[in-house]
Amino acid sequence: MSSCLVAQSGGPTAVINASLAGVIRANQLNPCYEHVYGGLYGIEGVLQDKLYDLTNISAREIELLKQTPSSALGTCRYKLKRGDDKDYNQLVEVMDAHGIETMFYIGGNDSMDTVDALSEWAKANAPGKRFVGIPKTVDNDLVPVDHCPGFPSAAKFAAMVTHATAMDYGAFTRPEVFVLETMGRDAGWLAASCCLSGDVDLLVLPEEDFDKDAFMAQVKRVMDEKGECYIVVSEGTHFADGTYLSAGKSADDGFAHAQLGGAGQALKQMIIDEGIVPRGLVQDLSRAARSSSFAQSKVDVSEAFELGMSAHMRSADGSFTGQVVGVRRGKDEDGNYAPEFFAGPASEFANAVKSFPAEWILPDYAGIAPEAYDYFRPLIQGEPDIVYDNGLPATIVAFNKR
């Protein structure tokens with residue numbers, strides 16, 4: 001009997017480990033593979049033969065794994081180059097050394113490109129090796145899924161933080177603005193989800209070129225009407241010429257993506273320089289939005305776990321490779337939201353960005369349309385039963401730290 005390998009890549013989420021737990025638990029229930037190995041630090045660690053045997057971890061550890069945020073195997077941002085066989089051959093050597101036939105890769109857009117590249121290369125060079133993708137990203141920018149595991153929990157957290165900080169901000173009479181910055185390089189899904197709180201006055205998304213004069217007019221209008229203004233901005237917000245509001249764009253993350261951050265501070269300073277208010281406050285959600293297990297969506301955890309199990313189940317078919325599992329939006333017999341799990345070619349998931357729909361963006365930075373609320377609300381429902389230890393959510397010791 002052959003073995004399988006699971007690795008994680010890119011930015012962590014609150015539920016990425018639930019997908020890992022799904023693969024492990026599925027193999028315990030239906031042992032298609034002799035061993036389930038975890039690749040430490042993504043494809044980068046796998047190439048260095050850094051593996052951890054996950055086959056027989058306990059039911060208790062699997063339960064805690066589902067509620068443990070971040071990447072329990074460790075992660076990386078490492079780009080496999082098409083046409084360069086060195087890494088491909090090295091990977092096959094590692095897989096052969098451990099009797100591994102199938103690799104599951106949990107990640108975002110670039111990780112699904114890696115699944116596609118590996119499966120295409122394997123057809124000609126290693127036909128016995130199979131590669132399967134399991135998506136995750138808080139940015140929610142993958143196609144062709146309805147939504148991506150990790151996003152619903154991040155959206156729930158973002159809306160909760162928006163409401164909490166808006167309550168704090170609203171307690172004072174000082175003339176100042178409040179700016180909340182979220183992740184979202186190319187797509188404004190996470191920033192838009194903050195509107196679920198009911199507290200957002202102005203919303204700035206990367207789907208629309210930033211018009212400074214038009215925006216400042218709206219800030220002044222809101223301040224004149226309310227004496228306060230709560231603003232949410234996505235880190236990827238840019239001017240018409242493509243220049244980001246934030247200045248931190250000189251470095252990249254290993255995939256030639258500009259490293260962003262600072263849009264909130266830049267926006268606050270613009271408002272002060274315009275003389276609209278003498279000061280402002282900035283809250284940056286940053287990494288907290290993707291690693292906060294205490295704000296998990298039950299829908300998100302359940303779907304992430306099911307996708308891991310689905311990927312394992314589908315891989316029992318020896319021809320299943322170069323595929324990614326995903327979630328479509330369906331309805332149950334009562335007309336309520338229900339997920340539908342499917343699989344499609346990795347090429348359809350890679351190298352494309354699903355933008356927040358233009359028709360869901362209200363003019364004048366005024367927020368989101370009712371259709372967006374209808375999209376978001378089912379995804380953030382429910383809270384999983386969290387196991388606590390000394391008053392804090394219990395987590396496992398990450399496998400890459402053992």
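Author: Let's begin with contact: it means heavy atoms within 4.5 Å. Axes are lines fitted to C-alpha atoms, for helices over the stretch in contact, and angles run from 0 to 180 degrees between N-to-C directions. Helices (H or I, at least four residues) and strands (E, at least two) are DSSP runs, numbered from the N terminus. Here α10 lies across β4, β5, β10 and β11, and runs at about 35° to β11.
Author: Some housekeeping: this is a predicted model, where local features need pLDDT of at least 70, side-chain atom pairs count only at pLDDT 80 or more, and totals for chains, interfaces and linings use all residues. Residues are numbered from 1 along each chain as its sequence is written, and side-chain values use heavy atoms, with hydrogens and water left out.

Reader: In what order do the seven strands form their open sheet?

Author: Pairing comes before order: two strands pair if DSSP finds at least two bridges between them. The order is β3-β2-β1-β4-β5-β10-β11, with mixed pairing. β3 (51-53) and β11 (337-345) are the edges, each with a single partner strand, so one side of each has no neighbour in the sheet. On average, neighbouring strands of this sheet are turned by 30° against each other, direction ignored.

Reader: How many bridges join β1 to β2, and how many pair β10 with β11?

Author: Strand β1 (residues 3-8) and strand β2 (residues 36-39) run parallel and are joined by four bridges; V6 stands opposite G38 in β2. β10 and β11 pair in the antiparallel sense over nine bridges, with G326 opposite F342 in β11. As for the side chains, in a regular strand they alternate between the two faces of the sheet.

Reader: What is the order of the open sheet of four strands?

Author: That order is β7-β8-β6-β9, and the pairing is parallel. Its edge strands, β7 (202-204) and β9 (279-284), each pair on one side only. From one strand to the next, the twist averages 20°. Three bridges join β7 to the parallel strand β8 (residues 229-234), and V204 stands opposite V233 in β8. Helix α8 (residues 212-226) packs on the sheet, touching β6 (176-182), β7 and β8, with its direction at about 160° to that of β7. Helix α9 (residues 263-273) packs on the sheet too, touching β6, β7, β8 and β9, and its direction makes about 170° with that of β9.

Reader: How many salt bridges does a search of the whole structure find?

Author: A salt bridge is a side-chain nitrogen of Lys or Arg within 4 Å of a carboxyl oxygen of Asp or Glu. The search finds 16. E101 lies in strand β4 and R130 in strand β5, so the pair ties together parts that are 29 residues apart in sequence.

Reader: How is empty space read?

Author: Rolling a probe the size of a water molecule over the atoms shows where empty space is left. On a 1 Å grid over the protein atoms alone, a cavity is a set of points where a 1.4 Å probe fits but cannot get out, and a pocket is an open set with protein on both sides within 12 Å along at least five of seven lines; lining residues have an atom within 4 Å of a point. Grid points are joined across faces, edges and corners, and a volume is the space filled by probe spheres set on the points. The structure holds one cavity of 30 Å³ or more. About 60 Å³ of space lies in the largest cavity, whose lining includes L203, V204 and E208.
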